[in-house]
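Please look over the sequence and the structure before turning to the points below.

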Amino acid sequence: MKLPWYYVIAVIILFLAAVAVFDLFQDGPGEGDVLYQVSTIDALMQSVYDGIIPNEELKKHGDIGIGTFNGLDGEMVAVDGNYYQIKSDGVAYPVKDDMMIPFATVTFFEIDKTILVEDAGNFTEFTGKMDAVLPSSNLFYAFRIDGQFPYIKARSVPKQEKPYPLLVDAVANQSVFEFHNVTGTIVGFYTPQYGKGINVPGYHLHFITDDRKAGGHILDFSIDEADVKLDITPEFYMELPTDGDFIGVDLTKDLHKELEKVEK
Ligand SMILES: [Zn+2]
């Protein structure tokens, strides 16, 4: 059977149109530019600790990130697509797919900018140096710092039982771990001031050792010299609980004083 020439041309045009339409969808938001967040920091501050998505789902949205687990059971660090749970014993355990996540921030890490940071004696000095060189204080960023750190003070929180205490009370029982001249990876995010209530304004950093065996939420640290790798994440996707404690919790309060206690 011989097809008429115009028929062949029509099929080719339809095929090209289909490819173009497909491309259009592909050229939507690049997954590396999307900051994916589960719940809000103020909900976590007010005891919304029940997980809402399994880690299997979370990891589809990022290969780097931080967060916590059902019942506030430790600190999450994700790096290179590997998710770890640092429990209150200070040990980093691999996260199982079915573990439920109440709060997390993840993204697919793509380096947009590398900043050399020298002689940051503590967290405050790091903040000052970074603030001076961030492309804008109005964007969200993901960070990754690999290197040797003179000092890191990290913490983790023990699993909480219902009725859940407020986060500020739960961290009163935190375990604190100190590392000296430790090699590892710091992972975290910068949230603009206007993001308060949603995430931690400023720098929220977690740490995991080079052997991926220990770490925690960073309370303080120092840097002699390290490359801070920055991923600008101009798109934001938030997954909120549709049932449970989130539904009735009062999210109108200004919790920044309590948050400062929790973070530092
Ligand atoms: Zn944290």
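The protein chain contains six helices and 14 strands, where helices (H or I, at least four residues) and strands (E, at least two) are DSSP runs numbered from the N terminus. The model is predicted, with local features requiring pLDDT of at least 70 and side-chain atom pairs counting only at pLDDT 80 or more, while totals for chains, interfaces and linings use all residues. Residues are numbered from 1 along each chain as its sequence is written, and side-chain values use heavy atoms, with hydrogens and water left out.

**Overall form**

- The C-alpha trace of the protein chain spans about 80 × 45 × 35 Å along its principal axes.
- Of the 264 residues in the protein chain, 48% are buried (under 20% relative accessible area, with exposed over 50% and partly exposed in between; 1.4 Å probe, protein chains only).
- Among contacts (heavy atoms within 4.5 Å) with a separation of 6 or more in the protein chain, 78% join residues 24 or more positions apart.

**Zinc site**

- The zinc ion has the protein donors His204 (NE2), His206 (NE2) and His217 (ND1), which lie 2.0 to 2.1 Å from it.
- Donors are N, O and S atoms within 2.8 Å of the metal (3.2 Å for Na, K and Ca); water is not among the atoms, so sites may look incomplete.
- The spacing of these donor residues in sequence is H-x1-H-x10-H.
- Histidine 206 belongs to strand β12 (residues 202-209) and histidine 217 to strand β13 (residues 215-232), eleven residues apart.
- Both histidine 206 and histidine 217 are buried.

**Nonpolar cores**

- A nonpolar core is a set of buried Ala, Val, Leu, Ile, Met, Phe, Trp, Tyr and Cys residues joined through side-chain atoms within 4.5 Å.
- The largest such core has 28 residues, and Phe126, Met130 and Ile152 have the most contacts inside it.
- At least two residues of this core come from each of β9 (113-120), α4 (123-133), β10 (141-156), β11 (175-191), β12 and β13.
- Another core, of 16 residues, lies apart from it and includes Ile41, Phe103, Val168 and Val262.
- Leaving aside residues up to four places away in sequence, isoleucine 152 touches residues including Phe177, Ile186, Phe207 and Phe221.

**Valine 200**

- Valine 200 is located in the loop between β11 and β12, yet valine 200 is buried, with a relative accessible area of 4%.
- Beyond residues up to four places away in sequence, valine 200 touches Ile41, Thr191, Leu259 and Glu263.
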